[in-house]
Amino acid sequence: MDEKKGIGTLGEKTLHHTLKNYFEPNKEKQEVRIKKYYADIYNEKGIIEIQTQQFYRLRGKLKVFLKEYPVTLVYPVPGKKWLYWLDLESGEISKGRVSPKKGTYYEICKELYRIKEYLGDPNLHLHVLILEIEEYRYLNGWSKDKKKGSSRCDRIPKKIIEELCIDSRADYKKLLPKGLPAEFGSYEFAKTAHISRRLAQITLNILFEVNCVERVQKKGNAWVYQIKV
């Protein structure tokens, strides 16, 4: 994984390119046409799609692929991110600094919300990678220091920190944090999982969709949940 590459790789961003080679080094098994779509990888394990964002774009592929093949969605999350700034005028790159933001497995739930109708399909598998990443951004933002509103140039993965595989409905219970009370809402879930209230609400929606939690009552506008045995 610690494969140093230049910024950008023939139009394909480095993160996607590197992960594709990590999961399948054989180029002949990459970018394989199946029906009217191209799969990132097609090998003896089935189809592997590496998606860094915008899962809604996969709906067409999933509708076709899942009928005949096991499909694994690989989703990378920056767990530790080194930030570098590129000055467009001088061409200089700043020294790296570690971002205070640390991604978690729960980030994938924001994307799964867009493909909820496929989550119960036994052919669908998820592989979440928590990575150490170098991120390069242009100094082209609207703020005085040109950082706020800036655009990202590229991301380079350095190493895998953790991995989470979800291969069945039961595996979604891996997203349940330890220490939840018998009945809980999004506030308790967020506090226990150390995530935002909004992300907790989305995660609970997904866990309800895959039958890992059930709604027992409503307090005001908020649902109260319990883990489904």
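I130 is buried, because its relative accessibility is 4% (buried means under 20% relative accessible area, exposed over 50% and partly exposed in between, with a 1.4 Å probe and protein chains only). This residue belongs to strand β6, which covers residues 124–138. Helices (H or I, at least four residues) and strands (E, at least two) are DSSP runs, numbered from the N terminus.

The model is predicted: local features need pLDDT of at least 70, side-chain atom pairs count only at pLDDT 80 or more, and totals for chains, interfaces and linings use all residues. Residues are numbered from 1 along each chain as its sequence is written, and side-chain values use heavy atoms, with hydrogens and water left out.

Which residues does I130 contact, leaving aside neighbours within four places in sequence? Among them are V77, G79, G103, T104 and Y105. K159, I160, I161 and E162 also belong to the list. Contact means heavy atoms within 4.5 Å. Take G103 as one case: I130 and G103 are 27 residues apart in sequence, yet their C-alpha atoms are 7.4 Å apart in space.

## The nonpolar cores

The largest nonpolar core has 47 residues. Such a core is a set of buried Ala, Val, Leu, Ile, Met, Phe, Trp, Tyr and Cys residues joined through side-chain atoms within 4.5 Å. Inside the largest core, the residues with the most contacts are L62, L73, L112, Y172, L175 and F189. Several elements each supply at least two residues of this core, including β1 (30–34), β4 (71–86), α3 (107–112) and β7 (152–166). Helices α4 (186–193) and α5 (197–209) are also on that list. The largest share, 6 residues, comes from α5.

L73 touches residues from several places in the sequence. Leaving aside neighbours within four places, L73 is in contact with E49, F55, L58, L62, I115, L124, H125, L126 and H127. There is also a second, separate core of 10 residues. L15, I41, I50 and I133 are included in the second core.

## Aromatic rings

How many aromatic pairs does the rule give? The count comes to 8. Rings of Phe, Tyr and Trp (its six-membered ring) pair if their centres lie within 6.5 Å; planes under 30 degrees apart count as stacked, over 60 as edge-to-face and the rest as tilted. Y22 and F23 have ring centres 5.2 Å apart and planes at 90 degrees, so they form an edge-to-face pair. Y22 is partly exposed, at 39% relative accessibility.

Y37 and F65 are edge-to-face too, because their planes stand at 85 degrees, with centres 6.2 Å apart. Y37 lies in strand β2 (residues 37–43) and F65 in helix α2 (residues 59–65), so this pair ties together parts that are 28 residues apart in sequence. Y37 is partly exposed, with a relative accessible area of 22%. F65 is buried, at 0%.

Ring pairs also link Y106, F184, F189 and Y225 into a cluster. A charge meets a ring elsewhere: the charged end of R215 sits over the ring of F208, 3.9 Å from its centre. A charge sits over a ring if NZ of Lys or CZ of Arg is within 6 Å of the ring centre and within 35 degrees of the ring normal.

## Two asparagines

N205 is in helix α5. Is N205 buried or exposed? This residue is buried, with a relative accessible area of 18%. The side chains of N205 and K116 are joined by a polar contact of 3.0 Å. A polar contact is a pair of N or O atoms within 3.5 Å; within protein, one must be able to donate a hydrogen and the other to accept it, and residues adjacent in sequence count only if both atoms are side-chain atoms. Not counting residues up to four places away in sequence, N205 touches Y113, K116 and R215.

N123 lies in the loop between α3 and β6. N123 is partly exposed, at 24%. The side chain of N123 reaches the backbone oxygen of L66 at 2.9 Å. Leaving aside neighbours within four places in sequence, N123 contacts L66, Y69, P70 and V71. The C-alpha atoms of N123 and K81 are separated by 32 Å, and these residues are 42 apart along the chain.

## Positive phi in two loops

K35 is not a glycine, but its phi is positive, at about 60 degrees. K35 lies in the loop between β1 and β2. Q54 also has a positive phi, near 55 degrees, in a residue other than glycine. Q54 is in the loop between β3 (46–50) and α2, and is partly exposed at 29% relative accessibility.
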